[in-house]
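Open the model in your viewer and keep the selection tool at hand. The stops below go from charged pairs to backbone angles to aromatic rings.

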Amino acid sequence: LEIHKLIEKRDLVLADSHIVELEEECERVRTTDGGKDGGRKAKDIELLYKELEGELKKIVAESLSQTLEATHLEQLVQTIEEEEKVDRAWASCGGLPGGTDGPRPRQLRRKWRKMVRDSVVERLSRCQADALMAQRLRSLKEQVTNDLIFIRKNQVAAYPKDYDAFNVYVNSYHEVVSSCLAEMAQNDLEIQQLYSFLQWCHNDYIR
């Protein structure tokens, strides 16, 4: 219950430290009782991690469009950093990726990159509701431009340099825009639509 409340309050570093403690205790139990009680606790721990990662994803999504409290992105980054420390400790003790000795490594930074992309997918999907292709393209351009300016100005500084945060965001937007364009190109386009599409791709969209 305490951990749930910490996650709700976005005290994520403290919540994560408690989950890691439970994970370590679960591992000790698993090695002493043959895995019976440890298995039940492991399921509870995975649910807590799922809840924690869900809150991290919300922070990432919100960071695309609004200025968050500085502590929220700080909590996100510190949680990733702490989890990476635990992953390294796990690996130094002989843990193998894809092994049968638990869910480590959790690779939270890789998951963060996926959270960024998923959030961009959701955000840009709103630009595709208009039936007119010219309007869809204008909306797409405005959304991408405004978001990236906002992110560079307000969010990137919260990440350590080795996260290469702005490029992560830019690449995510580029991948999602490319997917949107590929989907549009599959339609039977009229001459005027084709003209608008090609003009946008060659003149408006800066890769």
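The tour starts with the conventions and then moves from one selection to the next.

The model is predicted, so local features are reported only at pLDDT of at least 70 and side-chain atom pairs only at pLDDT 80 or more, while totals for chains, interfaces and linings use all residues. Residue numbers run from 1 along each chain as its sequence is written, and side-chain values use heavy atoms, with hydrogens and water left out.

**Stop 1: salt bridges**

The whole structure contains 15 salt bridges; the term requires a side-chain nitrogen of Lys or Arg within 4 Å of a carboxyl oxygen of Asp or Glu. Select R106 and E46: their closest N and O atoms are 2.7 Å apart. R106 sits in the loop between α4 (70-92) and α5 (108-125) and E46 in helix α3 (residues 36-62), so this contact ties together parts that are 60 residues apart in sequence. Helices here are DSSP runs of H or I with at least four residues, numbered from the N terminus (strands would be E runs of at least two). R106 is buried at 5% relative accessibility, whereas E46 is partly exposed at 33%. The classes are buried under 20% relative accessible area, exposed over 50% and partly exposed in between, with a 1.4 Å probe and protein chains only.

Next, select K57 and D118, whose side chains form a salt bridge at 3.6 Å, N to O. This pair also links distant parts of the chain, with K57 in helix α3 and D118 in helix α5, 61 residues apart. K57 has a relative accessible area of 35% and is partly exposed; D118, at 24%, is partly exposed.

**Stop 2: a salt-bridge network**

Select R10, E55, K58 and E62, which are linked in a network of salt bridges. Within it, E55 and K58 have their closest N and O atoms 3.8 Å apart. Both residues lie in helix α3, three residues apart, about one turn of the helix. Is E55 buried or exposed? E55 counts as buried, at 11% relative accessibility, and K58 as partly exposed, at 47%.

**Stop 3: positive phi**

Stay on R10 and look at its backbone: phi is near 65°, a positive value in a residue other than glycine. R10 is in the loop between α1 (2-8) and α2 (12-33) and is buried, with a relative accessible area of 11%. Then go to Q107, in the loop between α4 and α5, where phi is near 50°, again positive in a residue other than glycine. Q107 is partly exposed at 37% relative accessibility.

**Stop 4: aromatic rings**

A search of the whole structure gives four aromatic pairs. Rings of Phe, Tyr and Trp (its six-membered ring) pair if their centres lie within 6.5 Å; planes under 30 degrees apart are stacked, over 60 edge-to-face and the rest tilted. Select W112 and Y159: the centres are 5.1 Å apart and the planes at 40°, so the pair is tilted. W112 belongs to helix α5 and Y159 to the loop between α6 (133-154) and α7 (165-185), so the pair ties together parts 47 residues apart in sequence. Both W112 and Y159 are buried. Y163 is buried, as is Y159.

**Stop 5: charges over rings**

Finally, select R109, which lies over the face of Y163 at 4.0 Å from the ring centre. A charge sits over a ring if NZ of Lys or CZ of Arg is within 6 Å of the ring centre and within 35 degrees of the ring normal. R152 lies over the face of F166, at 4.8 Å from the ring centre.
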